[in-house]
Amino acid sequence: MSREKLARACLHRLTNAGFDKAQCAVTDSETHELSAEAGSLNLLRTNFDTEIRLLGIADHKRASISINGADDAAIDAGIQDLLNLVRGSEPDEAYDIAPGQAPESFSCGPSEPDYDSMYDRIDEILEYTRATYPVINMRSAGATFNRSQTRFLNSNGVDFESDMSRYDVGIGFASKEGAATSSMMGTGYSAFDLNEQVKDCAYIDELFRQSTEQIKTKPVPAKFLGEMIITPHCLHSFIGFLLGKIVDYDLISGTSIYKDKLNQQVASEKLSIHSRPVSANTVGGYFVTSDGFKAEDVTILDAGVLKSYQLSLYGANKTGLSRAVNSGGCYFVDPGDTSLDEIIKGTKQGVLIGRFSGGRPNDRGDFSGVAKNSYYVEDGKIQYPISETMVSGNLIDLLANVEAVSSELIHFGRSASPWVKVSGITVS
Amino acid sequence: MPDTHQAITDIDLHTYSNLFSSYTELRLQENRSQQIALLNGEVFSNTKNSGKGVSARVYAQGVWGFASEPKLTSDAIHNTIEAATRNARFMAARAGREDAALPVIRASLNSDFTTDKPRINQQELLAFLKKIDAHITRSYSDLTSRTVVLQCLDMEKKFYNSEGSSGHNITTRTLIRVSLAANNSDGEPIELRHAFGGLGQFEDVFENPEELYPEIEELYQHLCNKKSAVIAVSGYHDVIFDTDLAGILAHEAIGHTTEADLVRAGSVAGDYLGQQVAPEMVTLVDFANTLAGETLPVPVYMDDEGVESKDTVIIDKGILKRFMHNKETAEYFETAPTGNARAYEFSDEPLVRMRNTAILPGTDKIADMIASIEDGYYLMRPSNGQADTTSEFMFGVQLGYEIKHGKLSHAITDTTISGVAFDMLKEITMISDQMTWSCAGMCGKKQLIPVGLGGPAIKTKVYIGGQ
């Protein structure tokens, strides 16, 4: 049965079963992964799946289920399950589905994987590291082609179709010389093709070089209050607090420190963050929100002013605030006007942090964690790689205390980030 | 004849062995999960998911081909074996090694942790949660927010491989997660979370909501103490890890560094095999399924490569004795597999994963351990954790207290602790005589997987983040 036929049949059965409002998404997905472990290519994995996601509302009670690879009997059983979940639940006027919108089809990315390119790119990066950085242990390296084709329908007449694909490339590595070992480092990116060498994407070649010198580390000279230059690879660890506190759960529960802060200055004017799932430059975005709206790009933080919460239709109905025009993710941070070199030269005492391994910050934004793959910076120069170094501070203050944002930007496909320098960090 | 969907129980995997051309694993799997979340008494989430399918993995000349399909039909099983074989041949043609081989092992083990009791329905589940929520509302008027979340996960796997290993195993887990939030004395939000439950389906894990009330009361009292919490002094301190934290210590700080795939990737533990890495009082084991006659939180009897799961004694009386292996790492390190190869979903390949990891109890009393510290911290509940090939670890701590002059003092605000595992082990000076297990653990390493974490209380030294 085609996706469209299956989705229409499911929606028909949902409305016949007595749901007042119903939503159905049928997704055919395929994954082709070619990966290496311990420096050798050793796995080709192909997965196919068909997922059916059903949501029903009856008497203002709501439930959802997800089943896969289902035949007629399993779909009937799933709908019966959904009815039981709804009947056993409680009513809430805030439950709803998206209103009717003009039908639309969306597509991006190649339609088929190119195994030879996937193999060659990974083989090439393994060869390159062996030849150029012999102390690096490539724990994992892989290229994955992901494709998902979805038909999204609801009982208000929503009818969206999407066909999206991309390549995801990921690597994990550490350096080892004798008994000395560097910290693990991992990164990745998404792309519509594999034309570029892996080492030339996402700053990877420089990360390799840094890993080799991070075999020999030492602690910072003494505890100090100083600056922190956050690399693009770990910026999300520090902006994630804000992004995680402007969603349904925190705003409905009222525990978000950002409640009542819309259109107010919550961060430095040097900082602007956008969520861009539909931009032509985004790889791995989405076109339809989880509650059935056509997705749009949105600015979250405009020169430090909070411009949008990330509320679903339900969250918006519960709080009386506006629904976000997308479901979040695909975060792009604007570059600044200072080069990374100048940022380092302007640093009196601080750390350049490559990876943050930290505990979950508390609701006030207090954080602490270990600076991994990081460097001590003093008098405008990177001094040496560090170990056993803890950084701590407050994430709300951190966003307000942005000293500089680099003009260089690293693209990861699904996101892009610059280097961001902040002050007021305790380093110990 | 139409190619009809079948139940996992009804499918005889042996009949497909004629399609095997080299070492082949065939696995049918269904993960069934349910979540009901109450946020301040209202239904925030009400979902059920089922993901099922067939996977095959084929080993040829040192490389793997893997394939999966979401259908439990004869055609799908045929197609999946053929696709995995094709994938293995593609890899072998380009990266194969003639000398590659895997250890030959045969096992046949079954287990079933589904309930024998009649299943209760959605209304009864919700009523159970609402009763807990009503108790919290009635008892604690100063909370700003509360959540009560039910999470159920059943994992059913049927396995057969070309060496004749076979098994049908159903592992179940039911948790109720409670979180309480309040404002501290400065009007700032504070929160504490706790997970109840463990191995088994709802009917076997929970009987009466009232059984949870004493521990919820304890959680609330800690939250009250946290209202006037002080910030820990950053630096290197004497600490006691309570049992919950000792479990994550065993898993994150030591366990991950001794997974053989990470050892092969350069983990420092590789240099320490056979060496004294801790005082003699320290023994650390990754248990397969049972300890002292008791079934552990995540019992694994046969792994996803068809190897009987056995306990792996990683540190024995202070000496690093063994790593955790799958078949491939066992071959590489010229040892026997330990039954640690586990996959999360039907579409996942097995990886080296822990099962139930714990440091064994010692002889000390917790009261004596606290009394032995002049200025330090008693760390009780973790929030998250990470490990590294260097053995440098980090845990978030959501609940802890100062120890001043041998006595518990103020609660501390959320903090992070870190250390180098193989240094920290040497600093262990006391281990309590009682241990507990947590079944709420979910470990992430390419895939998620449920894990059991256990331990006694431990006295050692670590770095604490703070002011």
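Tutor: This is a predicted model. The area buried between chain B and chain A is about 6300 Å², and carbon and sulfur atoms give 49% of that area.

Student: Which residues in chain B lose the most area to chain A?

Tutor: Phe44(B), Lys48(B) and Arg94(B). Together they account for 9% of what the chain B side buries.

Student: How many salt bridges between chain B and chain A?

Tutor: The count is 14 salt bridges. One of them joins the side chains of Glu349(B) and Arg45(A), at 3.8 Å from N to O.

Student: Now strands. How does S2 of chain A run against S3 of chain B, parallel or antiparallel?

Tutor: Parallel. Strand S2 of chain A (residues 40–58) is joined to strand S3 of chain B (residues 63–69) by 5 bridges. Within that pairing, Thr46(A) stands opposite Ala67(B).

Student: Changing topic: how many aromatic pairs over all chains?

Tutor: The count comes to 33. Phe106(A) and Phe287(A) have ring centres 4.9 Å apart and planes at 5 degrees, so that pair is stacked.

Student: Where do those two lie in chain A?

Tutor: Phe106(A) is in strand S4 (residues 104–108), and Phe287(A) is in the loop between strand S10 (273–275) and strand S11 (298–302), so the pair ties together parts 181 residues apart in sequence.

Student: Last one. What is the strand order in the open sheet of 6 strands in chain B?

Tutor: S13-S12-S9-S16-S23-S22, with mixed pairing. Strand S13 (319–320) and strand S22 (436–445) of chain B are at the edges with a single partner strand each, so one side of each has no neighbour in the sheet.

Student: In which sense do S9 and S12 of chain B pair?

Tutor: Antiparallel, over 3 bridges between strand S9 (residues 284–287) and strand S12 (residues 312–316) of chain B. There, Leu284(B) has Ile315(B) as its bridge partner.

Conventions:
Residues numbered from 1 in each chain as written. Chains lettered and ligands numbered in written order. Predicted model: local features only at pLDDT ≥ 70, side-chain atom pairs only at ≥ 80, totals over all residues. Heavy atoms only, no water. Buried area = accessible area lost by both parts, 1.4 Å probe. Salt bridge = Lys/Arg side-chain N within 4 Å of Asp/Glu carboxyl O. Pairing = 2+ DSSP bridges. Helix = DSSP H or I, 4+ residues; strand = E, 2+ residues; numbered from the N terminus. Phe/Tyr/Trp six-rings, centres within 6.5 Å; stacked < 30°, edge-to-face > 60°.
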